Amino acid sequence: MRFGDKLFFAMTAILTIIFTVFGSWMLSSYFQNLLDRVVDQTGTESRMYQYLFEMTYQTVEEYGSEYALNKAINNASDNVEKEGVICFVLDQEEAFLYGSANRNMVNSFASDYTDIILSVRKELDPQKTFVYGIRQAKDKYYLVHISKSVVGDNTWYLGIIRDLSDIYQERTALMNQYRLALCILLFSGGICIYGMTRLMTRPLSNLGRVAVKVAAGNYEERSHYKGQDEIGEVAASFNLMTDRLIEQMHEKEREAKLQEDFTAAFAHELKTPLTSIIGYADMLGTIPLSEEERQEAYYYIFNQGKRLDSMSRKLLELVSVEKTPLSEKPVSTKILEENLRATMRPVFKQKNIKGKISLEKAVLRGDHELLLSLFYNILDNAVKAVSSGGFILCKGQKNDRGYEFKIIDNGRGIPKEELERITEAFYMVDKSRSRKEGGAGIGMALCKRIVELHNGTLKINSNPGEGTVVRVWLPNEKIQSEKIQTEKI
């Protein structure tokens, strides 16, 4: 069953229950109030009947008890008995002394009302002076009110029977009218509720159709419902979920492409040195060579072997960084600076590069070995990009948000279209130059991962022919300020 149908039946059932309960309560209250007024009126008439009976009886009692009784009954009945109201008198033995509209002893009266009168009479407690009850006889309802009257040595039970059939018929008619009105109301209301539920659930139906289309592969489909209600929130969440799903799919596709490129690049990088090694080794074993040719073959084999060794070490380092959790410890920038100088001084000297390393002294939290590897790789790339006589500057400075390192060179630079891919594994801007200088294209991928492990950022700005600026920012709340020490290498 559709949600709209469930909502329709639920609302219809609730309205039916509410109107039925409310209508029944309202009609019952109305009927009870009307019945209470009739009971009060009958009680007043019964007291008047008793008063007239006793007063008349006492007035003419001197003429004899039988005469006084008849006179009292006639006088009281003349004033109280009217249409719809019948008076009666019982003696102590519950025998009828009076009980007809024409004031005669009529046997039919006893046969018509005896049972209901005596049933009420039995409920009269000896301690009470009156009792009343409502009884049904021959498809009609009657109110029976009995009062006990003691005059002289005699006790009589004076009663009034009032026909309540009109009141009960009115209640039945009102109930029938209310049922008809309720049916009309539920029918017309049901049509309105059905239309409202269809209107209210239409956005959900549309959202369901959009979900089916998205599941079928149409990822451009979106819900256009812009309401501010809960359905609008669901629609917005669905659109956001679809957008995130597409982003994740594209990310997975990109990762798969990167993995594919990585595998292809790795195979290619292995193939080139292995081809040289196998070729020269084959020459050494099968072709007579002069001493100079053998030395040249040995050199190529050694050189390509070193390249394979460098590439394997870089690759292992990258894999270990990916799998090994970061071990944070205090790292002094002073020690970083000393290690970098000791390592880079002969490199700068060999290539005739003006190198300068200046780090503001502070204590960071991170992995000392990984940070050294980070800056070794960045400086190594800078050395490869700078020609003889160029310069490289590595400086570090503390700021409000953390610590920033800058590595600046005036080398050949990187084209803008290459900057986004520079941190991909095995990607090299100038492949022939990189291979000639022993590069494998893994260094910047390793640098990016190390920075990410330290929750930092890596930014590269470069212009071809002008140089490159690499910015590494590491957030750290525990940085201790020290004096800046600058030394030219």
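## Packing of helices α1 and α2

In this predicted model, helix α1 (residues 3-60) packs against helix α2 (residues 65-80) at an angle of about 145°, and their axes are 8 Å apart. The crossing of α1 past α2 is right-handed.

On the α1 side, the contact is formed by E45, M48, Y49, L52, F53, T56, Y57 and V60. Helix α2 contributes S65, Y67, A68, L69, K71, A72, I73, N75, A76, S77, N79 and V80. Classified by residue type, the contact of α1 with α2 comprises 13 nonpolar, five polar and two charged residues.

## Packing of helices α7 and α8

The axes of helix α7 (residues 333-350) and helix α8 (residues 368-385) come within 11 Å and cross at roughly 30°. Because angles under 35 degrees count as roughly parallel, α7 is described as roughly parallel to α8. Here too the handedness is defined: α7 passes α8 in a right-handed crossing.

Residues I335, L336, N339, L340, T343, M344, V347 and F348 of α7 meet H368, L371, L372, F375, Y376, L379 and V383 of α8. The contact of α7 with α8 contains 12 nonpolar and three polar residues, with no charged residue.

## Nonpolar cores

The largest nonpolar core has 37 residues, of which L374, I392, F405, I407 and V472 touch the most other members. At least two residues of this core are supplied by each of α7, β7 (354-360), α8, β9 (391-398), β10 (402-409), α11 (443-453) and β12 (467-475). The largest share, nine residues, comes from α8.

Which residues does F405 touch, not counting those up to four places away in sequence? They are L359, L364, F375, K395, G396, V470, R471, V472 and L474. Among these, V472 is also listed with F405 as one of the core members that touch the most others, and F375 belongs to the α8 side of the contact with α7.

A further core of 19 residues lies apart from the largest one and includes I73, V89, Y98 and I160. Of these, I73 is also one of the α2 residues in the contact with α1. As general background, nonpolar side chains tend to be buried together in soluble globular proteins.

## The chain as a whole

The chain has 11 helices and 13 strands. Of its 489 residues, 38% are buried. Among contacts in the chain with a separation of 6 or more, 65% are between residues 24 or more positions apart.

Methods
Residues are numbered from 1 along each chain as its sequence is written. This is a predicted model: local features need pLDDT of at least 70, side-chain atom pairs count only at pLDDT 80 or more; totals for chains, interfaces and linings use all residues. Side-chain values use heavy atoms; hydrogens and water are left out. Axes are lines fitted to C-alpha atoms, for helices over the stretch in contact, and angles run from 0 to 180 degrees between N-to-C directions. Helices (H or I, at least four residues) and strands (E, at least two) are DSSP runs, numbered from the N terminus. Angles under 35 degrees count as roughly parallel, over 145 as roughly antiparallel, 65 to 115 as roughly perpendicular and the rest as oblique. A crossing is left-handed if the near helix is turned anticlockwise from the far one by less than a right angle, and right-handed if clockwise. Contact means heavy atoms within 4.5 Å. Ala, Val, Leu, Ile, Met, Phe, Trp, Tyr, Cys and Pro count as nonpolar, Asp, Glu, Lys and Arg as charged, and the others, Gly among them, as polar. A nonpolar core is a set of buried Ala, Val, Leu, Ile, Met, Phe, Trp, Tyr and Cys residues joined through side-chain atoms within 4.5 Å. Buried means under 20% relative accessible area, exposed over 50%, partly exposed in between (1.4 Å probe, protein chains only).
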